[in-house]
Amino acid sequence: DFRLHDFFSSLARRTRGADGLGLGRRARVWMAASVPHFHLPPFFTLQPVAATRAEQLVLWRRCVLEHCRDTRRVSLPVGAAAAGPPFANDQIDRRLDEQARLTVAAALVAAGEAQWVAKAGDPLLLVWWRPIKHWADELSQHLRAGGASGVFTMAELKSADADGPLRGSELFGLGSNLVRAAVAELVRTGRAATFGAKPVGGDDDEVGVKLL
């Protein structure tokens with residue numbers, strides 16, 4: 001256990017980079033040889049000793065953030081629907097079990113690096129490889145630069161159509177959950193208001209969003 005603690009602690013120090021995500025610029029290609037812990041079987045079993053597990057979870061947080069940033073993925077299944085990276089490495093036939101995935105997810109949320117979309121049923125995370133402020137700023141700036149009226153429906157903002165209002169923005173194609181979170185952040189910071197209620201059991205397509 002002491003050897004594993006020293007090993008994970010050493011990896012955590014070695015992969016701590018200036019960009020705040022730990023793995024640094026040298027690991028821009030996912031599953032590269034410079035991400036050593038992802039290729040080691042012990043990494044996929046959470047260790048029982050608290051100090052060792054804490055170091056291991058630091059590495060798992062960085063691993064998830066790197067994967068999501070490199071693949072431009074924001075919504076990340078954590079439950080039964082989770083398959084493949086970042087929670088599994090088929091090259092070494094290792095994967096985190098569901099309880100371990102939930103533990104990693106909880107660590108990300110506690111660090112402010114993710115938020116739950118759903119915790120019950122099939123758990124789903126929004127992973128902040130860029131902070132929510134960035135996405136809210138991008139949404140506001142892109143819509144204002146487009147010279148539109150400043151009033152949109154959620155259906156328009158979530159649209160993946162080529163002529164949709166988010167075409168050409170960083171948010172385009174990253175999914176409805178990210179758009180909802182960015183709108184919520186704009187509302188929270190007083191830069192937008194919503195009007196109209198989502199039907200019980202329905203979607204939010206007809207909810208209006210007005211930039212302020």
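Modeller: Helices are DSSP runs of H or I with at least four residues, and strands are runs of E with at least two, numbered from the N terminus. Leu108 sits in helix α3. This is a predicted model: local features need pLDDT of at least 70, side-chain atom pairs count only at pLDDT 80 or more, and totals for chains, interfaces and linings use all residues. Residues are numbered from 1 along each chain as its sequence is written, and side-chain values use heavy atoms, without hydrogens and water.

Colleague: Why is Leu108 called buried?

Modeller: Buried means under 20% relative accessible area, exposed over 50%, partly exposed in between (1.4 Å probe, protein chains only). Leu108 has 0%, so Leu108 is buried.

Colleague: What does Leu108 touch, beyond four places in sequence?

Modeller: Contact means heavy atoms within 4.5 Å. By that test, Leu108 touches Arg61, Val64, Leu65, Glu113, Ala114 and Leu125. Leu108 and Leu57 lie 51 residues apart in sequence, yet 8.9 Å apart in space, C-alpha to C-alpha.

Colleague: What makes a set of residues a nonpolar core?

Modeller: Its members are buried Ala, Val, Leu, Ile, Met, Phe, Trp, Tyr and Cys, joined through side-chain atoms within 4.5 Å. The largest such core has 49 residues, and Trp60, Val64, Val104, Trp135, Leu139 and Leu157 touch the most other members. Elements that supply at least two residues each include α2 (50-70), α3 (98-110) and α4 (132-145). The largest share, seven residues, comes from α2. In soluble globular proteins, nonpolar side chains tend to be buried together.

Colleague: How do you know that the span of α2 is close to the expected one?

Modeller: The expected span is 1.5 Å times one less than the number of residues. For the 21 residues of α2 that gives 30 Å, and α2 reaches 30 Å from first C-alpha to last. Arg72 follows α2, with a positive phi near 50°.

Colleague: Which residues of α4 are buried, and what covers them?

Modeller: Ile132, Trp135, Ala136, Asp137, Glu138, Leu139, Ser140 and Leu143 are buried. Their cover includes β6 (151-153), α5, α6 and β8. Leu139 has contacts with Leu166, Leu171, Ala182, Val183 and Leu186, leaving aside neighbours within four places in sequence.

Colleague: How is the lining of the largest cavity divided into nonpolar, polar and charged?

Modeller: Ala, Val, Leu, Ile, Met, Phe, Trp, Tyr, Cys and Pro count as nonpolar, Asp, Glu, Lys and Arg as charged, and the others, Gly among them, as polar. The lining is Arg73, Leu76, Pro77, Ala82, Ala83, Gly84, Pro85, Pro86 and Phe87. That divides into seven nonpolar, one polar and one charged.

Conventions:
On a 1 Å grid over the protein atoms alone, a cavity is a set of points where a 1.4 Å probe fits but cannot get out, and a pocket is an open set with protein on both sides within 12 Å along at least five of seven lines; lining residues have an atom within 4 Å of a point.
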